[in-house]
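Please keep the structure in view while reading each point.

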Amino acid sequence: MSLSLRFLSAKLFLCLCLTLFQHHVTFSASNPTGLTLRAVLDDSPNSPLYLIENMTIAERIERFIQVTNAKDNYLNLNARVGPDNSNSLSRVVMARDGLFYSVWLLIGSQGQEVKLLMDTGGGLTWTQCQPCLNCFPQNLPIYDSRTSTTYSTLSCDHPLCQVEGSLYTCVDDLCIFVHNYHGGLYTTGVASLETFYFPMDPSTALTFNNLVFGCSRDSRNVVFQDTELSGIFGMNMMPDSLMSQLSSFTNFRFSYCLVPFPDLIPHTLVLRFGDDIPLLPPERVKTTMFVHAPYLYNYYVNLVTISFLNDRLGFPPSQFQLREDGLGGCFVDSGYLLTAIEDNYVGGVNAFDVLMDLFTAYYESNNLRRTTDPSGLDMCFERPNDFNNFANLTFHFDGEADYFVPPQHLHIFQQDHFCVAITRGRYATVLGAWQQQNKRMLYDVGLGRLQFADENCAND
């Protein structure tokens with residue numbers, strides 16, 4: 001099947017699923033003016049993954065690079081009637097002090113507390129459920145679907161369970177999901193419907209009924225076991241993600257602004273939705289359109305080329321294009337810490353090697369000596385006290401949307417050395433969180449575009 005026909009099939013499937021979701025998902029709130037979800041990073045003192053109080057910046061970065069590699073493996077696997085606007089979702093409050101964000105919410109008629117890893121690159125939201133066949137240990141009670149009067153299973157007639165080759169299949173009249181991550185994590189269970197409560201303050205909450213989620217009965221090789229986390233909070237463009245299911249409440253728009261990582265003082269971050277997103281200054285805003293990729297639901301954009309120290313590099317037009325096999329291309333993902341440049345030969349050119357050769361030549365011409373870093377980054381140099389002439393990059397996206405990365409967000413600085421904050425992309429090029437610092441990022445899914453502008457995110 002051709003790329004265009006596959007894209008059409010995917011679009012029809014997405015529209016059908018969203019239409020059904022909008023008919024089934026209902027909303028209620030004692031104060032329907034917005035949403036505040038408390039979300040904390042896993043090495044923040046308030047996070048269930050807070051195990052690294054004495055970690056240095058270098059140790060935190062090393063840990064996040066390991067996570068980035070796991071997401072890279074997951075990418076490879078993936079390659080292979082609504083209320084009115086007065087009830088719109090407005091914002092999610094988050095804290096930043098490290099690596100992952102965890103989201104706290106309540107589910108079911110009993111208001112069971114759950115904490116989930118927030119994943120903007122993930123689709124199905126899932127949590128462990130009783131009765132459990134092989135659940136990993138978690139510190140909060142495991143959600144028990146048998147005690148909830150609002151719980152039901154997803155019918156085998158549902159479109160999600162009708163698509164051949166998807167993660168859903170009908171077994172004994174139950175719609176079963178199987179997530180088999182390339183990095184080793186495995187989870188399976190029953191595709192289900194349940195009521196989710198998003199607390200706004202101690203006395204009010206937004207309530208969404210009949211949300212599709214995964215009731216996991218068997219999970220293995222889970223890296224966050226023995227914490228309060230029990231699953232994943234998915235926010236990509238897949239029809240089963242919460243981003244898609246709640247689209248009529250968010251107007252298909254969300255935005256964030258990342259406070260710089262080197263600042264160890266915890267800051268409040270705001271994930272904004274719909275009309276709560278501030279207007280971007282027209283003189284500074286840049287716009288590029290999303291690249292629609294069949295059966296791939298990350299936020300792909302068309303990267304034309306890259307400039308090193310303001311010199312535009314002569315990469316061939318196909319260098320960063322998405323290929324027929326689902327590999328290649330460029331997408332934006334705040335779940336990646338560092339930007340990854342695809343490390344494959346396209347038209348005889350390896351873009352990662354080209355960039356690393358330029359960094360090497362530039363810093364060696366300034367008489368800097370190579371060194372190593374515990375994080376395993378490829379390109380590190382000793383840092384003389386009097387050297388401040390660091391390189392910069394510009395990503396040139398389609399639509400003349402030039403995305404400038406200043407030196408402080410292109411490198412990771414240690415006391416006596418520094419490293420280029422770029423990793424090898426095994427399957428694609430990814431614009432990661434380190435290079436999104438102090439940028440207002442606006443994902444306008446309804447209009448099919450990404451907008452960005454420089455901003456002091458501490459003022460968000």
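1. K439 counts as buried, because its relative accessibility is 5% and the cut-off for a buried residue is under 20%. In this predicted model, K439 belongs to strand β32, which covers residues 439–444. Which residues does K439 contact, leaving aside its neighbours within four places in sequence? The contacts of K439 are Y256, C257, L258, Y403, F404, A453, D454, E455 and C457.

2. Confidence should be kept in mind throughout. The average pLDDT of the protein is 80, and 74% of the residues score at least 70.

3. Strand β26, formed by residues 393–397, is mostly covered, since five of its five residues are buried. In general, the side chains of a regular strand alternate between the two faces of the sheet. Are the faces of β26 covered or uncovered? Both are covered: L393, F395 and F397 are buried on one side, and T394 and H396 are buried on the other.

4. The partners of β26 are considered next. Strand β18, residues 303–308, pairs with β26 in the antiparallel sense over five bridges. Within this pairing, L393 of β26 has F308 opposite. Strand β27, residues 401–405, is likewise antiparallel to β26 and is joined to it by five bridges. There, F397 has A401 of β27 as its bridge partner. The hairpin of β26 and β27 has three residues between the strands, and G399 in this hairpin takes a positive phi near 90°.

5. A further sheet is open and has four strands, in the order β24-β25-β29-β28, with antiparallel pairing. Why is one side of β24 and of β28 left without a neighbour in the sheet? Strands β24 (370–371) and β28 (411–413) stand at the edges and each has a single partner strand, so one side of each has no neighbour there. As a general point, strands of a sheet pair through backbone hydrogen bonds, either parallel or antiparallel. Strand β25, residues 380–382, is joined by three bridges to β29, residues 417–420, and the two run antiparallel. In this pair, H417 of β29 is the bridge partner of E382.

6. Helix α5, residues 351–365, lies across β24, β25, β28 and β29, and runs at about 5° to β25. The buried residues of α5 are A351, F352, L355, M356, F359, T360, Y362 and Y363.

7. At its start, a side-chain oxygen of N350 comes to within 3.1 Å of the backbone nitrogen of F352. Just after α5, N367 has a positive phi of about 65°.

8. L368 is found in the loop between α5 and β24. L368 counts as buried because its relative accessibility is 6%, against a cut-off of under 20%. Not counting residues up to four places away in sequence, L368 touches Y363, F381, E382, P384, F387 and F418. One of these contacts, F381, is 13 residues from L368 along the chain, and the C-alpha atoms of the two are separated by 6.3 Å.

9. Some backbone features remain to be checked by the reader. The peptide bond from Q130 to P131 is cis, with omega near 0°. P131 lies in the loop between β6 (126–130) and β7 (143–144). Where is N210 found? N210 is in strand β12, residues 204–220, and has a positive phi near 60° although this residue is not glycine. N210 is partly exposed, because its relative accessible area is 28%, which falls between the cut-offs of 20% and 50%. D226, in the loop between β12 and β13 (229–234), is another residue other than glycine with a positive phi, here near 65°.

Technical notes:
Residues numbered from 1 in each chain as written. Heavy atoms only, no water. pLDDT = per-residue confidence, 0-100. Pairing = 2+ DSSP bridges. Contact = heavy atoms within 4.5 Å. Axes fitted to C-alpha atoms, helices over the stretch in contact; angles between N-to-C directions. Buried < 20%, exposed > 50% of the residue type's maximum accessible area, 1.4 Å probe, protein only. Polar contact = N/O pair within 3.5 Å; in protein donor to acceptor, adjacent residues only side chain to side chain.
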